[in-house]
Amino acid sequence: MDIGSNNHCAMKDFKDIQVGDRVEFKVVVDDNLHSAFAALSGDTSPIHSDGEFCAATPFGQKIGYAFLLEVLLSRLYGCYLPGGSSVCLKQESKFKKPFFIVDCLKVMAEVSVKVDSIQAVEIRTSIFRNDSDECVYEGIGMVQVFWNRSLTEPLYELDGKTITAADFI
């Protein structure tokens with residue numbers, strides 16, 4: 001599932017996240033996405049932009065931007081797992097193989113550790129090319145979750161105003 005046209009994201013309460021939770025989604029790297037990343041990053045190196053140059057390389061064609069894969073992690077953490085109100089504290093990345101324009105990338109992630117004291121989760125991520133077992137990326141991120149449903153549940157009403165635990169923080 002690709003959420004490119006979806007304007008809402010999941011938002012999990014920290015207590016609802018469990019070790020072993022998994023998500024996946026797919027993204028096609030087309031010319032528009034590749035060009036948009038080039039414009040944003042300002043990276044016009046020939047390995048990404050010059051088909052004639054790339055024809056003479058071992059890749060034979062333009063390769064995708066490695067850091068475009070990191071952008072997909074922003075989507076992963078912000079919209080899927082844990083989603084909504086989380087921030088990435090740390091990210092380790094390993095770019096294993098190149099990917100190419102028109103590849104379909106499958107992003108797969110799993111919660112591997114849950115740290116209750118700081119409401120954070122470690123998420124292991126792999127990205128594969130074209131529904132194959134060819135892994136182009138592996139990473140481990142530590143993501144802190146700030147939303148806690150119990151903070152927004154009403155404690156009581158006073159003079160017509162609902163009071164929640166968040167009102168005292």
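User: What makes Lys12 and Asp21 a salt bridge?

Analyst: This is a predicted model, in which local features need pLDDT of at least 70 and side-chain atom pairs count only at pLDDT 80 or more, while totals for chains, interfaces and linings use all residues. Residues are numbered from 1 along each chain as its sequence is written, and side-chain values use heavy atoms, with hydrogens and water left out. A salt bridge is a side-chain nitrogen of Lys or Arg within 4 Å of a carboxyl oxygen of Asp or Glu. The closest N and O atoms of Lys12 and Asp21 are 3.4 Å apart, so the pair meets that definition.

User: How do you know that the salt bridge between Lys26 and Asp131 ties together separate parts of the sequence?

Analyst: The side chains of Lys26 and Asp131 meet in a salt bridge at 2.8 Å, N to O. Lys26 lies in strand E1 (residues 22-28) and Asp131 in the loop between strand E4 (120-129) and E5, so the pair joins parts that are 105 residues apart in sequence. Strands (E, at least two residues) and helices (H or I, at least four) are DSSP runs, numbered from the N terminus. Lys26 counts as partly exposed at 28% relative accessibility, and Asp131 counts as exposed at 53%.

User: Why is the pair of Phe95 and Tyr137 called tilted?

Analyst: Rings of Phe, Tyr and Trp (its six-membered ring) pair if their centres lie within 6.5 Å, and planes under 30 degrees apart count as stacked, over 60 as edge-to-face and the rest as tilted. The ring centres of Phe95 and Tyr137 are 5.6 Å apart and their planes stand at 55 degrees, so this pair is tilted. Phe95 is in strand E2 (residues 86-95) and Tyr137 in strand E5 (residues 135-145). Together with Phe67, these two residues form one aromatic cluster.

User: What makes Tyr137 buried or exposed?

Analyst: Tyr137 has 0% relative accessibility and therefore counts as buried, while Phe95 is partly exposed, with a relative accessible area of 35%.

Key:
Buried < 20%, exposed > 50% of the residue type's maximum accessible area, 1.4 Å probe, protein only.
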